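Subject: A structure for you to explore

Hello,

Here is the structure I promised to pass on to you. Please open it next to this message and keep the sequence at hand while you read.

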Amino acid sequence: MKLIHITDTHLVEPGRSLYQTDPYERLAQCIDDVVANHSDAAFCVLTGDLAHKGEPAAYKGMATQLARLSMPVYPLPGNHDFRAPLVEAMPNAPRDENGFIQAVDRRPEGDFIFLDTLDEGVNGGKYCEKRTEWLKAKLDDAGDRPVYLFMHHPPFSIRIPCVDRIALMEPEKFAALVEGRRNIRHLFYGHVHRPVCGSWKGIPVSTMRGLNHQVPFDLTTVTPVPKSHEPPAYAVVFIDPDQVTVHFHDFLNHTTLVKVGDHFEYKR
Ligand SMILES: [Fe+2]
């Protein structure tokens, strides 16, 4: 199966710019690319920071763009989001029994578990007792089935201090939930606006750039979070019985090399 991973769209009111780029236009261009090339994906997940300041108009704009997708969509919250306007604009967003934006999509390939790490008004992430109980029950219910996790805040350091200081708080509590569960095959996250992959507690992890602005490869700045304009990307993920393959797609880059005589030249 194929899935689409998008993160950190940071929408403001449609027509307004943010850090000198237009996040609504970026999302529209991203959805254009998904519709043209990956309409066969099983679902699309957005791992948070859907809006930049929780603006209702931003969520309405997001709903307009996501409605163009024929696949199920899971819009998860990040620290820049607020649940009420998100759910008002996108009433099909997943909800658990406590109102958190969480769900499980059980498929033949495994259990795809979508997590809400938002602590409203706070940059760092939170996974409270209620959410912990919910996830523990879902992991127990999964048994030995393959599990894939999706969340905004990473429960680990990526060695970039400006985002490490606002990662998931009390990560040891989240780690206790997943440790020893060898059926968790991958953790997809957002928040850091950079392509960062590796493994944590034996679980492969991945994220990529956001759609509007990025965080530069800066290993020293602590605050404020620096910004950059490296190219936006989304991920196309293939799930096979014995393999997970994650492609980062710079969807605005249309350059190719063409042969001209005895050498190659870039063509846009
Ligand atoms: Fe973000």
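Below is what was found in it, one topic at a time.

First, some ground rules. This is a predicted model, in which local features need pLDDT of at least 70 and side-chain atom pairs count only at pLDDT 80 or more, while totals for chains, interfaces and linings use all residues. Residues are numbered from 1 along each chain as its sequence is written, and side-chain values use heavy atoms, with hydrogens and water left out.

**The five-stranded sheet**

Helices (H or I, at least four residues) and strands (E, at least two) are DSSP runs, numbered from the N terminus. Two strands pair if DSSP finds at least two bridges between them. With that in mind, look for an open sheet of five strands, ordered β3-β2-β1-β10-β11, with mixed pairing. Its edges are β3 (73-76) and β11 (243-249), each pairing on one side only. From one strand to the next, the twist averages 20°; for angles, axes are lines fitted to C-alpha atoms (for helices over the stretch in contact), and values run from 0 to 180 degrees between N-to-C directions.

You can walk across this sheet pair by pair. β1 and β2 run parallel and are joined by four bridges, and Ile6 has Leu46 in β2 as its bridge partner. Helix α1 packs on the sheet, touching β1, β10 and β11, and its direction makes about 175° with that of β1. Here contact means heavy atoms within 4.5 Å.

**The six-stranded sheet**

Another open sheet, of six strands, has the order β4-β5-β6-β7-β9-β8, again with mixed pairing. The edge strands here are β4 (103-107) and β8 (196-200), which each pair on one side only. Within the sheet, β6 (residues 147-150) and β7 (residues 184-188) are parallel and share four bridges; Tyr148 has His186 in β7 as its bridge partner. Helix α4 (residues 129-142) packs on this sheet and touches β4, β5 (110-114), β6 and β7, with its direction at about 175° to that of β5. Helix α6 (residues 171-178) lies across β6, β7, β8 and β9 (203-207), running at about 65° to β8.

Asp8, in the loop between β1 (2-6) and α1 (23-37), and Asp49, in the loop between β2 (43-47) and α2 (56-66), are 41 residues apart and link distant parts of the chain. Are Asp8 and Asp49 buried or exposed? Both are buried, where buried means under 20% relative accessible area, exposed over 50%, and partly exposed in between (1.4 Å probe, protein chains only).

**The cores**

A nonpolar core is a set of buried Ala, Val, Leu, Ile, Met, Phe, Trp, Tyr and Cys residues joined through side-chain atoms within 4.5 Å. The largest one has 43 residues, and Ile4, Ile6, Phe43 and Phe150 have the most contacts inside it. Strand β10 (residues 234-240) gives the most to this core, with five residues. β10 is also mostly covered, as five of its seven residues are buried.

Enjoy exploring it!

Best wishes
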